[in-house]
Amino acid sequence: MKKVNRFLLGAIQVLVDLGIISNGLLGIGFLIVGPIYIFTNAISFKQIGNNWAIELLLYFDILLFMAVFLYGCLALHHILNNINFQKYFAPANMVALRKLMFSFLILTILDGINTVVNHFINVTTQLDFFPCGNYYAYFVSLIICYLVYFIFKRGLALQNENNSII
């Protein structure tokens, strides 16, 4: 069982690190190439009437999504590092979990705003099965993260109490 857990933690760590690298590279590329597409009209949204202000707003929205996602991945990376070093109830895990909860909260709010804006400008995708986008997924992730944070907080308190008794 230990080998399976070690393998799974290693695989999750690799996936998180790949997410950090790919999101960072995509963010840098989008930061450079995005304005070129907006100002040269190479890609424009016909539904919004080629409005530069809305296209620029969508550009910054995508950049903010990428930055918040990267922030959450870095927090998850720190938690996984501590778990790999068998520091389960370390105070650093509490800080990283708060950062992760913050990123899920921001992603939930941004996706809710995007859902409303996309509804009003009639920009929908063909493959969007849920009319609310990822809003519920982010919200459920936020709740799960809070529950894990609560468990870690209680575990840290019990560990500190145990240490003070000894």
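**Figure 1. Buried residues and overall make-up of the predicted chain.** Of the 166 residues in this chain, 31% are buried. The model is predicted. The chain holds four helices and zero strands. Followed along the sequence, the pattern reads α-α-α-α. Contacts are counted here at a separation of 6 or more, and 73% of them join residues 24 or more positions apart. The accessible surface comes to about 11600 Å². Carbon and sulfur atoms hold 73% of that surface.

**Figure 2. Confidence along the chain.** The average pLDDT of the chain is 78. A score of at least 70 is reached by 79% of the residues. Which element has the highest mean pLDDT, and which the lowest? Helix H2, residues 52-84, has the highest, at 84. Helix H4, residues 135-165, has the lowest among the elements, at 80. Now look at residues 126-130, where pLDDT stays under 50. For this stretch the model has one contact beyond four places in sequence. Where pLDDT is low, the predicted coordinates should not be read in detail.

**Figure 3. The largest nonpolar core.** This core has 19 residues. Leu97, Leu100, Phe104 and Cys145 touch the most other members. Helices H2, H3 (91-120) and H4 each supply at least two residues of the core. Which helix gives the largest share? H3 does, with eight residues. In soluble globular proteins, nonpolar side chains tend to be buried together. Zoom in on Cys145. Beyond four places in sequence, Cys145 touches Leu97, Leu100, Met101 and Phe104.

**Figure 4. Serine 103, a buried residue of helix H3.** Serine 103 lies in helix H3. Is serine 103 buried or exposed? Its relative accessibility is 2%, so serine 103 counts as buried. The cut-off for buried is under 20%. What does serine 103 touch, leaving out residues up to four places away in sequence? Its partners are Val68, Tyr71 and Gly72.

**Figure 5. Glutamine 13, a buried residue of helix H1.** Glutamine 13 sits in helix H1, residues 2-40. Its relative accessible area is 9%, so glutamine 13 is buried. Which residues does glutamine 13 touch, not counting those up to four places away in sequence? They are His77, Leu80, Asn81 and Asn84.

Figure 6. Methionine 66 is buried, because its relative accessible area is 17%. Isoleucine 62 has a relative accessible area of 39%, so it is partly exposed. Methionine 66 and glycine 27 are 39 residues apart along the chain, yet their C-alpha atoms are separated by 6.4 Å. Isoleucine 62 and glycine 27 are 35 residues apart in sequence. From C-alpha to C-alpha, that pair is 9.0 Å apart in space. Beyond four places in sequence, methionine 66 is in contact with Asn23, Leu26, Gly27 and Phe30.

**Figure 7. Glutamine 86, a residue of the loop between H2 and H3.** Find glutamine 86 in the loop that lies between H2 and H3. Is glutamine 86 buried or exposed? With a relative accessible area of 56%, glutamine 86 is exposed. The cut-off for exposed is over 50%. Now check the backbone. Glutamine 86 has a positive phi of about 60°, although it is not a glycine.

**Figure 8. Phenylalanine 102, a partly exposed residue of helix H3.** Phenylalanine 102 has its place in helix H3. Its relative accessible area is 46%, so phenylalanine 102 is partly exposed. How many residues separate phenylalanine 102 and leucine 142 in sequence? They are 40 residues apart. In space, the distance between them is 8.4 Å, C-alpha to C-alpha.

Definitions and conventions: Residues numbered from 1 in each chain as written. Heavy atoms only, no water. pLDDT = per-residue confidence, 0-100. Contact = heavy atoms within 4.5 Å. Core = buried A, V, L, I, M, F, W, Y, C linked by side-chain atoms within 4.5 Å. Buried < 20%, exposed > 50% of the residue type's maximum accessible area, 1.4 Å probe, protein only. Areas by Shrake-Rupley, 256 points an atom, 1.4 Å probe, with all protein chains shown as cover.
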